[in-house]
Amino acid sequence: MTKYLSAKIGPSILNANLAQLYEESQKLLDNGADYLHLDVMDGHFVPNLSFGHPIVKCLRSKIKDAFFETHMMVSNPEQWIEPMADANVNQYTFHVEPVEDVPLICRKIKEAGMKVGVALKPGTPVDVTTDYVDLADMILIMTVEPGFGGQKLMEPMLQKVTWLRENYPELDIEVDGGVGPTTIEACAKAGANMIVAGTAVINSTDQAKVITTLRDTVNCYLGENKSK
Ligand code: DX5
Ligand code: ZN
């Protein structure tokens, strides 16, 4: 069965005013966000702290319907599968770098009722994914070193996206880090269809316009990548 890829824009609320997490999140959804990308950091896997499942659960109690992806920048992703499932998270995206048995974590996430996202730091070669791409719903290619918003996109990372798109034409591929109106074309051309944008959306006075620009650019290239 052919799966038709679509462009999805998932703003990251990391650099929003987190004292107003609900209002900021709802505003993004009202402005056209397809999903929310929630950056969870443990101060160990990355040199920063953000928030965890208690906050995600509170946000879920106020926002019932939106698709929540948690980007788990944590050293022990297995530990938070159940709490995040309990918070009604839709997709659990974890990094392969600290994990010994990636397929096991993928299966546990699925068993807990969530979609599986597999994330790669900039230093991790893309071909490691061949062993478990069948177990993943999505691959996240980090285009910055994870830990902080507002960094510059590392252009060479897009070669990983190109490789994935060539090898897996129907795979959901997400990019995260330094993505905004000035860098979206390169991401879309490489074949990314799920777009995380933090500061480019949060800092904009016209969030709806930025989100539309990102989506339109991806849609423009999706057809082209399909017919390759
Ligand atoms: C970085 C996070 C990103 C970040 C993106 O470690 O994973 O999701 O918030 O922010 P921008 O779009 O500003 O790079
Ligand atoms: Zn992220």
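This tour starts at the sheet, moves through one of its strands, and then visits selected side chains.

The model is predicted: local features need pLDDT of at least 70, side-chain atom pairs count only at pLDDT 80 or more, and totals for chains, interfaces and linings use all residues. Residues are numbered from 1 along each chain as its sequence is written, chains are lettered from A and ligands numbered from 1 in the order in which they are written, and side-chain values use heavy atoms, with hydrogens and water left out.

**Stop 1: the sheet**

Colour the strands. There is an open sheet of 8 strands, paired in parallel, in the order β1-β8-β7-β6-β5-β4-β3-β2. The edges are β1 (8–11) and β2 (36–41), each of which pairs on one side only. On average, neighbouring strands of this sheet are turned by 25° against each other, direction ignored. Helices (H or I, at least four residues) and strands (E, at least two) are DSSP runs, numbered from the N terminus. Two strands count as paired if DSSP finds at least two bridges between them. Strands of a sheet pair through backbone hydrogen bonds, either parallel or antiparallel.

**Stop 2: strand β7**

Select residues 172–176, which form β7, and 194–197, which form β8; the two strands pair in the parallel sense over 3 bridges. Asp176 has Val196 in β8 as its bridge partner.

Are the residues of β7 buried or exposed? Of its 5 residues, 5 are buried, where buried means under 20% relative accessible area, exposed over 50%, and partly exposed in between (1.4 Å probe, protein chains only). In a regular strand the side chains alternate between the two faces of the sheet. In β7, Asp172, Glu174 and Asp176 point one way, and Ile173 and Val175 point the other way.

Now show helix α5 (residues 158–167), which packs on the sheet and touches β6 (138–142) and β7. The direction of α5 makes about 175° with that of β7. Such angles run from 0 to 180 degrees between N-to-C directions, with axes fitted to C-alpha atoms, for helices over the stretch in contact. Contact means heavy atoms within 4.5 Å.

**Stop 3: Ile184**

Select Ile184 in helix α6 (residues 184–190). Ile184 is buried, with a relative accessible area of 1%. Apart from neighbours within four places in sequence, Ile184 is in contact with Val179, Ile195, Leu214, Thr217 and Val218.

**Stop 4: salt bridges**

A salt bridge is a side-chain nitrogen of Lys or Arg within 4 Å of a carboxyl oxygen of Asp or Glu. How many salt bridges does this rule give? The count comes to 3.

- Select Arg215 and Asp34: their closest N and O atoms are 3.1 Å apart. Arg215 is in helix α8 (residues 207–226) and Asp34 in the loop between α1 (21–30) and β2, 181 residues apart. Asp34 is partly exposed, at 32% relative accessible area.
- Select Asp86 and Lys57, which meet at 2.7 Å, N to O. Because Asp86 lies in helix α3 (residues 81–86) and Lys57 in helix α2, this pair ties together parts that are 29 residues apart in sequence. Asp86 is partly exposed at 48%, as is Lys57 at 42%.
- Select Lys108 and Glu78, with closest N and O atoms 2.7 Å apart. Lys108 is in helix α4 (residues 102–111) and Glu78 in the loop between β3 (68–73) and α3, so the pair ties together parts that are 30 residues apart in sequence. Lys108 is partly exposed at 32%, and Glu78 at 34%.

**Stop 5**

Select Arg60 in helix α2 (residues 53–62). Arg60 is buried yet has no salt bridge. Which side chain of opposite charge is nearest to Arg60? It is Asp65, 6.6 Å away; Lys and Arg count as positive and Asp and Glu as negative, while His and the chain ends are not counted. A polar contact of 2.8 Å joins the side chains of Arg60 and Asn90. A polar contact is a pair of N or O atoms within 3.5 Å; within protein, one must be able to donate a hydrogen and the other to accept it, and residues adjacent in sequence count only if both atoms are side-chain atoms.

Not counting residues up to four places away in sequence, Arg60 touches Asp65, Ala66, Phe68, Ala87, Asn88 and Asn90. End on Asn88, in the loop between α3 and β4 (91–95). The phi of Asn88 is near 60°, a positive value in a residue other than glycine. Asn88 is partly exposed, at 48% relative accessibility.
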